[in-house]
Amino acid sequence: MATVTQYTQVELLTLHGPEFRRVSTAPPRLPTEDEIPIIDLSTIDNGFEARKAIASQVKAAAESTGFFYIKNHGISEELLDRALSTAQAFFSQSIEQKELVSNKKSKHADGFHGVGSTQGMMAEFQINMCHSDRKETFSLRYNPMNDPTMSNPETLLSDPSYSYGNDEFLWEGTSHIPGFRETTIEFWQRRLALARKMIRIFALALDMPEDYFDSVTTNPGADGLYVHYPGSPETLSEDTETDVGIGSHTDIQCVTLLWQDMSGGLQVLSASDEWLDARPIPGTLVVNIGDFLQRLSNNRFKSTVHRVYNRQTTSRYSMPFFLGFNPDSVCQVVPSCIDKDHPALYEPISCGKWHRNRLALSQGKPITA
Ligand SMILES: O=C(O)CCC(=O)C(=O)O
Ligand SMILES: [Fe+2]
């Protein structure tokens, strides 16, 4: 007997008002190789032609599901293991110890966000409309002192419009965890370097010179996170919505790099409104596109709805990294994405303002013009 696909709706908050998306109620299925491809980065440093070849695969993925895996990405298993142990050591503490580095002490929301404390502004300040997120987070944001490519961090540090560099409390409040500061900063640096390489690949994928985004990634949005999804109580029924890890959302900035443990639970909406199981694949990171890059690409590259369901009784850990552009650089739709049939759909805006507006929206505050 043929099965009839049934649909429900998810509500997403956007700057243009709420947006409703049809989604299938069927359980997630495995993606095809084209839907979420695995792209090999082993040749990324081998010269321009090699990078063009990678970019053409990235372009195909970016124009379809907007999600892909990368392998041979250059971040060692040793560092990933160390970062995971560091995250686990942090989250296994008492709530009082975690609150020593509460994000409330920071202008940039660095630090600890407890379970359910920050609906609608967790992680990268995603907008989750359905229910409280069941996760806790530690986040480290851009600080020019931690960026090895920044030749004059003092200039930025002394610029009051940025209020960079007030993250000492993070290291004081975690100094009892061996290696926490060293590992967290080293991992953040490696992810920033990889994200900068990836944005060059994205420039090529948009048929632009590979250095096209370099000038807007000198002090970019760069949010490195540890995330813990506590296990769900065994008593929860299958259809309850309360044990969701992160509700349906799109990422806000440009490119997300995600390490996930082997628990599973990451689901990605397909072009035909079905949930795809973006299962963990050892040795890979998941890459996806955020709303700001979709905007700059005139909607050519897809910022795709995804969510996390942790329905197991044990913890799930993930470590996402969100790359934006320099907060004050005004960016316009990329010229190669505009022609007479495809006029620019969006006004120029800075990534910082875009991010702030999305945050204000999620908190019910007015949006600045
Ligand atoms: O934890 C994950 O697997 C994904 C997290 C995510 O989508 C996010 O933080 O934006
Ligand atoms: Fe996300």
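This is a predicted model: local features need pLDDT of at least 70, side-chain atom pairs count only at pLDDT 80 or more; totals for chains, interfaces and linings use all residues.
**Notebook: loops, iron and rings**

I began with Asp273, which is buried at a relative accessible area of 13%; "buried" means under 20%, "exposed" over 50% and "partly exposed" in between, with a 1.4 Å probe and protein chains only. Residues are numbered from 1 along each chain as its sequence is written, with chains lettered from A and ligands numbered from 1 in the order written.

**Entry 1: loops**

Where does Asp273 sit? I found Asp273 in the loop between β10 (266–269) and β11 (275–277); helices (H or I, at least four residues) and strands (E, at least two) are DSSP runs, numbered from the N terminus.

Asn298 belongs to the loop between α7 (291–296) and β13. Is Asn298 buried or exposed? With 11% relative accessibility, I put Asn298 down as buried.

Asp45 was my next stop, in the loop between β3 (38–40) and α1 (48–63). I noted Asp45 as exposed, its relative accessible area being 55%. I also checked Asp45 against Lys197: they are 152 residues apart along the chain, yet 9.3 Å separates their C-alpha atoms.

**Entry 2: the iron ion**

Which protein atoms hold the iron ion (ligand 2)? I listed His249 through NE2, Asp251 through OD and His306 through NE2, lying 2.1 to 2.2 Å from the ion. A donor here is an N, O or S atom within 2.8 Å of the metal (3.2 Å for Na, K and Ca), and water is not among the atoms, so sites may look incomplete. Written along the chain, the spacing of the iron donors is H-x1-D-x54-H. His249 lies in strand β8 (residues 244–249) and His306 in strand β13 (residues 306–309), so this pair ties together parts that are 57 residues apart in sequence.

I looked up how covered the two histidines are. His249 is buried, at 2% relative accessible area, and His306 also counts as buried, at 6%.

**Entry 3: rings**

How many aromatic pairs does the structure hold? I got 17 of them. Rings of Phe, Tyr and Trp (its six-membered ring) pair if their centres lie within 6.5 Å; planes under 30 degrees apart are stacked, over 60 edge-to-face and the rest tilted. I picked Phe90 and Phe91 to look at: their ring centres are 5.3 Å apart and their planes stand at 75°, so I call the pair edge-to-face. Phe90 and Phe91 are both buried. They belong to one aromatic cluster together with Phe112, Phe138, Trp171, Phe180 and Tyr226.

Last, I looked for charges over rings (NZ of Lys or CZ of Arg within 6 Å of the ring centre and within 35 degrees of the ring normal). I found Arg191 over the face of Phe187, 3.8 Å from the ring centre. I also wrote down Arg307, whose charged end sits over the ring of Tyr309, 4.1 Å from its centre.

Technical notes
Side-chain values use heavy atoms; hydrogens and water are left out.
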